[in-house]
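Here is a short note for anyone opening this structure for the first time. The points below can be read in order, with the model open beside them.

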Amino acid sequence: MTVRYPSPLRPGDRVGVTSPSSGVAKGLRERLGVAVRDVQDRGYEVVVGQCMDGFGHVSASAADRASELMSMLTDPTVKAVVPPWGGETAIDLIPLLDWDELREAEPTWLVGFSDMSTLITPMTLLTGTATVHGNNLMDTPYRVPEGLRSWLDIVAAPQGQRFTQTPPGRHRTTGFDDFAAHPDIREYTLDAAGAWTRLDGSGDVEAEGRLIGGCIETLCNLAGTAYLDVSTFARVESPDGLLVFVEAAGDDAFTICRNLHGMRLAGFFDQANAVLVGRTNAPDNRSLSQHEAVLDALGPLNVPIIADIECGHVPPYMPIVNGARGRIVHTPSRSELTQALD
């Protein structure tokens, strides 16, 4: 198996929208429309699926969600699939997807983060298809800060392209915008300064490896299963090691600490040349901060651990391609992540 990069999107291509986890409530449909039109303005045809209901915590039955996702991912006319956002229980789709068929199908870009990590990370590990851990559809209308890229930029990039992203130096500290009241909002509220932070010590960091990772709260439930076999992927695709990235959505520091310990014991970080940790607003505990939780669990790896990267639930977003070759540099004067689609 080699990493397979889907064809770059071109004007006229179709983008599928479905909700493998949570759908969109009626009061938020106007924001959905704004996001769809932004994709259309790029020259793409947008096909919105039937699994979009936002009344409960999932958009439809597991069988219907799996069927619609499979249909879009195996339709040769659909070049990318993106959800409105994540959710809570996309894990119920895992045994219902035909991974052999996905492995044989022409690769399609699958985009998303949060609960979508449950699907996009196994997609790369099991089928070799590169996926985009990046901003979801409902975030697409936001103006991308200098130094970063949108998922729309990445899915249109030709195979072999290299691109570098750098932190904008500002982020949001609390809350999210009210899409019901302001469906057409396009400017992030970035109210605090902040840079990347090395947790394991001091000194410059330069590390390389194929990128793989996602949301801690969702991936921890797959650790140790065939769906999250990072060791085999590394042995075949990146024998010189990986750049592993993780991010906490909202669990407190004790929970994140336990989950990361479990993932480490299951071998998720065994081939890591460095670990990248997303910035989080998840709560600390009285005797353990989020940074301390990461260091407690992953310090025994004895590799560089760089935190506060824009790859999590705190805006803005730095999309990362699962399967791409990566190079991270972090010094007092320079922080950057370069990805190569080869």
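1. Let's start inside. Please keep in mind that this is a predicted model. A second, separate core has 16 residues, including Leu148, Leu243, Phe245 and Ile328.

2. Val275 itself belongs to the largest nonpolar core, which has 86 residues. Within that core, Trp151, Leu260, Phe269 and Val275 touch the most other members. In soluble globular proteins, nonpolar side chains tend to be buried together.

3. Next, the sheet. Six strands make up an open sheet with mixed pairing, and their order is β2-β1-β3-β4-β5-β14. The edges are taken by β2 (45-48) and β14 (320-322); each has a single partner strand, so one side of each is left without a neighbour in the sheet. From one strand to the next, the twist averages 25°.

4. Two of these strands are worth a look together. Strand β3 (residues 78-82) and strand β4 (residues 109-112) run parallel and are joined by two bridges. Val81 stands opposite Leu110 in β4. Helix α2 (residues 62-74) lies across β1 (14-17), β2, β3 and β4, and runs at about 145° to β3.

5. Which residue is buried yet has no salt bridge? That is Asp115, whose nearest side chain of opposite charge, Arg65, is 6.8 Å away. Since a salt bridge needs the atoms within 4 Å, Arg65 is not a partner for Asp115. Asp115 sits in the loop between β4 and α4 (117-127). Leaving aside neighbours within four places in sequence, its contacts are Ser21, Gly86, Gly87, Glu88, Thr89, Ala90 and Thr218.

6. Arg65 does have a partner elsewhere: it forms a salt bridge with Asp92, with the closest N and O atoms 2.6 Å apart. Asp92 lies in the loop between β3 and α3 (99-104) and Arg65 in helix α2, so the pair ties together parts that are 27 residues apart in sequence.

7. The model has 14 salt bridges in total. One of them joins Glu45 to Arg14, where the closest N and O atoms are 3.7 Å apart. This pair links distant parts of the chain, with Glu45 in strand β2 and Arg14 in strand β1, 31 residues apart. Both residues are partly exposed, Glu45 with a relative accessible area of 40% and Arg14 with 23%.

8. Another salt bridge is formed by Arg327 and Glu206, whose closest N and O atoms are 2.7 Å apart. Arg327 belongs to strand β15 (residues 325-331) and Glu206 to strand β10 (residues 205-215), so to speak a link between distant parts of the chain, 121 residues apart. Arg327 is partly exposed, with a relative accessible area of 22%, while Glu206 is exposed, at 54%. Elsewhere, salt bridges that share partners join Arg14, Glu45 and Asp75 into one network.

Definitions and conventions: Residues numbered from 1 in each chain as written. Predicted model: local features only at pLDDT ≥ 70, side-chain atom pairs only at ≥ 80, totals over all residues. Heavy atoms only, no water. Pairing = 2+ DSSP bridges. Helix = DSSP H or I, 4+ residues; strand = E, 2+ residues; numbered from the N terminus. Axes fitted to C-alpha atoms, helices over the stretch in contact; angles between N-to-C directions. Contact = heavy atoms within 4.5 Å. Core = buried A, V, L, I, M, F, W, Y, C linked by side-chain atoms within 4.5 Å. Buried < 20%, exposed > 50% of the residue type's maximum accessible area, 1.4 Å probe, protein only. Lys, Arg positive; Asp, Glu negative; His and termini not counted.
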